[in-house]
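Me: I have a sequence and a model open here, and I would like to go through them step by step. Could you help me read them?

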Amino acid sequence: MRPLDGIKVVTLEHAIAAPFCTRQLADLGARVIKVERPGVVDFARAYDERVRGLA
């Protein structure tokens, strides 16, 4: 059993820090539901592609 099992988080985000934070919540057991604008995806999904794997 993880510390946040049974907790539900609804997130409205699109920047790098917020998804990192919700990932931590999910890793601790929370169920994370991410809401995005219809037809527009989070720009960070292609971030790694833009920098060609470089930090």
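Me: OK, and where does Glu 36 sit?

Reply: Glu 36 is in the loop between β2 and α2; helices (H or I, at least four residues) and strands (E, at least two) are DSSP runs, numbered from the N terminus. Its C-alpha atom is 8.0 Å from that of His 14, although Glu 36 and His 14 are 22 residues apart in sequence.

Me: Which residue does Glu 36 form a salt bridge with?

Reply: The partner is Lys 34, and the closest N and O atoms of the pair are 3.5 Å apart. A salt bridge here is a side-chain nitrogen of Lys or Arg within 4 Å of a carboxyl oxygen of Asp or Glu. Lys 34 is partly exposed as well, with a relative accessible area of 31%.

Me: How many salt bridges does the structure hold?

Reply: The structure holds three of them. Besides the one between Lys 34 and Glu 36, the side chains of Arg 2 and Asp 5 meet at 3.6 Å, N to O, and Arg 23 forms one with Asp 27, with 3.1 Å between the closest N and O atoms.

Me: Changing topic, what is the order of the elements from the N terminus on?

Reply: They run β-α-β-α, and the secondary structure of the chain comes to two helices and two strands. Strand β1 covers residues 8–11, helix α1 covers residues 17–27 and strand β2 covers residues 31–34, while helix α2 covers residues 47–50.

Me: How many bridges join β1 to β2, and which way do the strands run?

Reply: Four bridges join them, and the two strands run parallel; strands pair if DSSP finds at least two bridges between them. Together with helix α1, they make a right-handed β-α-β unit, and right-handed means that, with the strands pointing away from the viewer, the path from the first strand over the helix to the second runs clockwise.

Me: Which residues of β1 are on its covered face?

Reply: Val 9 and Thr 11 form the covered face, while Lys 8 and Val 10 form the uncovered one. Thr 11 counts as buried at 6% relative accessibility, and Thr 11 stands opposite Lys 34 in β2.

Me: What does Thr 11 touch, not counting residues up to four places away in sequence?

Reply: Thr 11 touches Thr 22, Val 32, Ile 33, Lys 34 and Val 35, where contact means heavy atoms within 4.5 Å.

Me: And Gly 6, is that one buried or exposed?

Reply: Gly 6 is exposed, with a relative accessible area of 79%, and its place is in the segment before β1.

Me: Last topic: where is confidence lowest, and where is it highest?

Reply: Confidence is lowest in helix α2, at a mean of 67, and highest in β1, at 95, on the pLDDT scale, which gives the predictor's confidence in each residue from 0 to 100. The chain has a mean pLDDT of 83, and 80% of its residues reach 70 or more. Where pLDDT is low, the predicted coordinates should not be read in detail.

Notes. Residues numbered from 1 in each chain as written. Heavy atoms only, no water. Buried < 20%, exposed > 50% of the residue type's maximum accessible area, 1.4 Å probe, protein only.
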